[in-house]
Amino acid sequence: MNIVLLGAPGAGKGTQAQLLIKEYGIPHISTGDILRAAVKNETPLGLKAKSFMDAGELVPDDLIIDLMRERLAQEDALKGFILDGFPRTTTQAAALDTVLSEDGRRIDCALAIEVPDEDIIKRLSSRRVCRVCGYTGSAADAVCPQCGGEMYQRDDDKTETIANRLAVYQRSTAPLINYYSGAGVLVEIDGNRAVDEVYSDVKAAVERD
Ligand code: AP5
């Protein structure tokens with residue numbers, strides 16, 4: 001099962017991915033998480049990516065495509081994967097198809113999770129993430145309800161950066177809706193409902209064939 005999660009920043013891709021992992025046991029591959037770890041560890045990739053991420057801009061395609069070519073060749077991804085935050089441009093989508101076709105794989109399902117901009121802004125401004133275990137919660141969580149760790153606000157969840165991320169999404173990533181519709185694998189999902197209601201449609205979509 002090879003799944004792509006599409007949707008604006010804050011649409012709930014990571015949240016739905018966590019539920020899919022529990023149910024299907026396939027790896028969740030989030031380019032945002034990989035890049036944030038690289039920034040934290042000051043790796044060569046992290047040093048190149050940081051300024052783009054802080055500004056809410058996309059990291060250049062060549063860096064991302066090289067990173068994902070390596071990640072998708074790893075053993076755990078051969079039985080299936082959930083891609084979250086990749087591809088984000090039509091160049092990345094075409095490169096992904098090429099990489100997968102080299103060993104007879106393809107994308108089975110692209111889920112576009114749709115949420116109005118005003119709700120996205122509210123979600124992202126109040127999102128807080130645990131420094132220790134990565135749990136995603138809200139400003140109401142003084143400490144992590146899972147492990148007691150410190151909750152922090154991502155640099156790119158500051159109000160001024162959210163607006164740019166939404167503009168970048170419309171310009172560079174929204175065209176992928178047509179790309180995957182043309183490939184016959186797109187399912188559009190109303191993401192502006194309770195998490196379990198959204199997941200019920202997500203599960204139905206990935207199991208439809
Ligand atoms: P990335 O980490 O991928 O960020 P994003 O796409 O902006 O997505 P988010 O993680 O912000 O949101 P999400 O959709 O996962 O929502 P979540 O489930 O957390 O990318 C960050 C940066 O890295 C990019 O800006 C770019 O610079 C770079 N980058 C990454 N990939 C790249 C690529 N391929 N090419 C180039 N550059 C790349 O939910 C959000 C909030 O809403 C949470 O608080 C959650 O609890 C809440 N929530 C979720 N679902 C619901 C619901 N149904 N109802 C109410 N609240 C909900």
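Analyst: Arg 128 touches a run of residues beyond its sequence neighbours (those up to four places away are not counted): Tyr 135, Thr 136, Gly 137, Ser 138, Ala 139, Met 151, Tyr 152 and Gln 153. The model is a predicted one. Arg 128 itself sits in strand β5, which covers residues 127-130. With neighbours within four places in sequence left aside, Asp 141 is in contact with Tyr 135 and Met 151. Tyr 135 and Met 151 are also among the residues that Arg 128 touches.

Distances to other parts of the chain give a sense of where this region lies. From Arg 128 to Tyr 179, 51 residues along the chain, the C-alpha atoms are separated by 33 Å. Asp 141 and Met 53 are 88 residues apart in sequence, and their C-alpha atoms are 25 Å apart in space.

Asp 54, in helix α3, and Thr 161 are 107 residues apart along the chain, yet their C-alpha atoms are separated by 7.6 Å. Asp 54 touches Thr 161 and also Asp 155, again not counting residues up to four places away in sequence. The relative accessibility of Asp 54 is 33%, so this residue counts as partly exposed.

Helix α3 (44-55) is in turn one of the elements against which the buried residues of α4 pack; the others are β2 (28-30), α2 (31-40), β3 (81-84) and α5 (90-101). Helix α4 runs over residues 61-72, 12 residues in total, and reaches 16 Å from its first C-alpha to its last, close to the 16 Å expected at 1.5 Å a residue. Its buried residues are Leu 63, Ile 64, Ile 65, Leu 67, Met 68, Arg 71 and Leu 72. Ile 65 can stand as an example from this helix. Its relative accessible area is 15%, and because buried means under 20%, Ile 65 is classed as buried. Apart from neighbours within four places in sequence, Ile 65 is in contact with Thr 91, Gln 92 and Ala 95.

Most residues other than glycine have a negative phi, and most peptide bonds are trans. Glu 42, in the loop between α2 and α3, has a positive phi, near 55°. With 59% relative accessibility, Glu 42 counts as exposed. The other detail is a cis peptide bond that joins Phe 86 and Pro 87, with omega about 0°. Pro 87 lies in the loop between β3 and α5.

The protein as a whole has nine helices and eight strands. Its radius of gyration is 16 Å, close to the 17 Å that the globule rule gives for 209 residues, so the protein is as compact as a globular protein of that length. The C-alpha atoms fill a box of roughly 45 × 40 × 35 Å along the principal axes. Of the contacts with a separation of 6 or more, 68% are between residues 24 or more positions apart. Buried residues account for 44% of the 209 residues. The accessible surface comes to about 10400 Å², and 50% of this area belongs to carbon and sulfur atoms. As for charge, there are 24 positive and 33 negative side chains, and the centres of the two sets lie 3 Å apart.

Methods. Residues numbered from 1 in each chain as written. Predicted model: local features only at pLDDT ≥ 70, side-chain atom pairs only at ≥ 80, totals over all residues. Heavy atoms only, no water. Helix = DSSP H or I, 4+ residues; strand = E, 2+ residues; numbered from the N terminus. Rg over C-alpha atoms; globule rule 2.2 N^0.38 Å. Buried < 20%, exposed > 50% of the residue type's maximum accessible area, 1.4 Å probe, protein only. Contact = heavy atoms within 4.5 Å. Areas by Shrake-Rupley, 256 points an atom, 1.4 Å probe, with all protein chains shown as cover. Lys, Arg positive; Asp, Glu negative; His and termini not counted. Charge placed at Lys NZ, Arg CZ, Asp CG, Glu CD. Expected span 1.5 Å × (residues − 1).
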